[in-house]
Amino acid sequence: MTTFLPGYPFPPNPVLLFGLLLLAGIVGGELVKRALRLPRIVGYVLIGLLLGGSGVNLLDAKIAKESWIFVDIALGLVLFDLGRRLHFNWLRNDRWLLATGLLESGLSFGCVYFTLTYLGVEAIYAAVAAAIGVSTSPAVVLLVAQELKAEGQVTERALNLVAMNSVIAFILTTMLLSWLHHVYRASWTMIALHPVYLLGGSLILGYLASVAAIQLSRWIGKHAERQVVALLALIALSIGAARMLELSVLLALLAFGVFSRNLDERHDLMAVDLSSVGQMFYVVLFVVSGAKLQLVELMTGGVIAAAYVIARFAGKSIAVMSLTYFSGARAGSAGLLCIALTPMSGLALAMVHGTANVYPDFGAKLGTIVLSAVLILELIGPIAVNFALNRAGEAKDAVA
């Protein structure tokens, strides 16, 4: 019998899901901002926890998996924006900032790795977890800075260090795939060529997207609205191409941003603001990230999570406190910069997710080590960045 009524259960609807996640996040963010005077990101994450497995389980594992495309888009926008801030000329002129980024990444990896192995974590799990721990959440730092309209030394140095440690984290996790393939007795072709394909292919894709963006902007001319549309189209194409070719969406979009900044010698690309468009996806990113986290993981892995957080913070802080003075930063900014590098969030989840796609069993066990630490840092990270930028006197709109 034919009927005009919809079938039940209702079929999955990505547009409906996006709208629900966005609305829930906006409500949660505003409540937390107005009631607790905390960054809105904290509210987005708490709403995710409430809707996920730690709460009413409205966003179960299947729905969270379907929403991952929104996470890719959000992280793609963030990483493109972050990559646009990484200027090679600045790094050449400020060698101490480059040295700080390299030392900060190396020490955070080493501190986390040796701490985890001391606690009995198997070496391969400790190494991948430490590689992920090198990264600082670009979404948290960028969004808190935008929310506060922050500008200044601490803000710019934090964003540049985040860009550097994100690149290094991607490279480390990709290189460690060879070890992981060896552990799982994959073919020598897979061991030798898979990391090369991921790194090389993602960088080439980012380079081609940047060349297309520069040439298209040159043809369009200095029209901000048209350039925004062109960039959004190329970002979407890059995400789709990376998924289709089994490349790293994250590395490709970061490379797209870096190349588009440093290859654009004629300044054809305008400094367009994608935040108004990206804000929708950023909200969904943190709601989904919160839904993916489980409070029970913190209960079972609390000691390892606490050790992970402390070791990571120690590694980053030792490097920053040691070298920031030589880079010409003003007195007192080093400690605030350490605090601004605290958060881990969607980027870490995406790297765990990428590893789980290759070896699900490994990814599940890796998740028990990393995700409990991410849960802690996803909640305290935005508060830490908010404090650091306010204390540095760089926030122009602290009550927004």
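**Notebook: two helix pairs**

I looked up helix H8 (residues 138-148) and helix H13 (residues 275-292), which pack at an angle of about 130° with their axes 12 Å apart. That angle makes H8 oblique to H13. I note here that the model is a predicted one.

I then looked up the hand of this pair, and the crossing of H8 and H13 is left-handed.

Next I asked which residues of H8 meet H13. From H8, I recorded Ala 139, Val 140, Leu 143 and Gln 146. Their partners in H13 are Ser 275, Tyr 282, Leu 285 and Phe 286. Sorted by class, the contact of H8 with H13 has 6 nonpolar residues, 2 polar residues and no charged residues.

I turned to a second pair, helix H4 (residues 68-84) and helix H17 (residues 346-358). The axes of H4 and H17 come within 11 Å and cross at roughly 125°.

H4 contributes Trp 68, Leu 75 and Leu 79. H17 contributes Gly 346, Leu 347, Leu 349, Ala 350 and His 353. In the contact of H4 with H17, I recorded 6 nonpolar residues, 2 polar residues and no charged ones.

How values were computed: Residues numbered from 1 in each chain as written. Predicted model: local features only at pLDDT ≥ 70, side-chain atom pairs only at ≥ 80, totals over all residues. Heavy atoms only, no water. Axes fitted to C-alpha atoms, helices over the stretch in contact; angles between N-to-C directions. Helix = DSSP H or I, 4+ residues; strand = E, 2+ residues; numbered from the N terminus. Contact = heavy atoms within 4.5 Å. Nonpolar A, V, L, I, M, F, W, Y, C, P; charged D, E, K, R; others polar. Parallel < 35°, antiparallel > 145°, perpendicular 65-115°, else oblique. Left-handed = near helix turned anticlockwise from the far one by under 90°.
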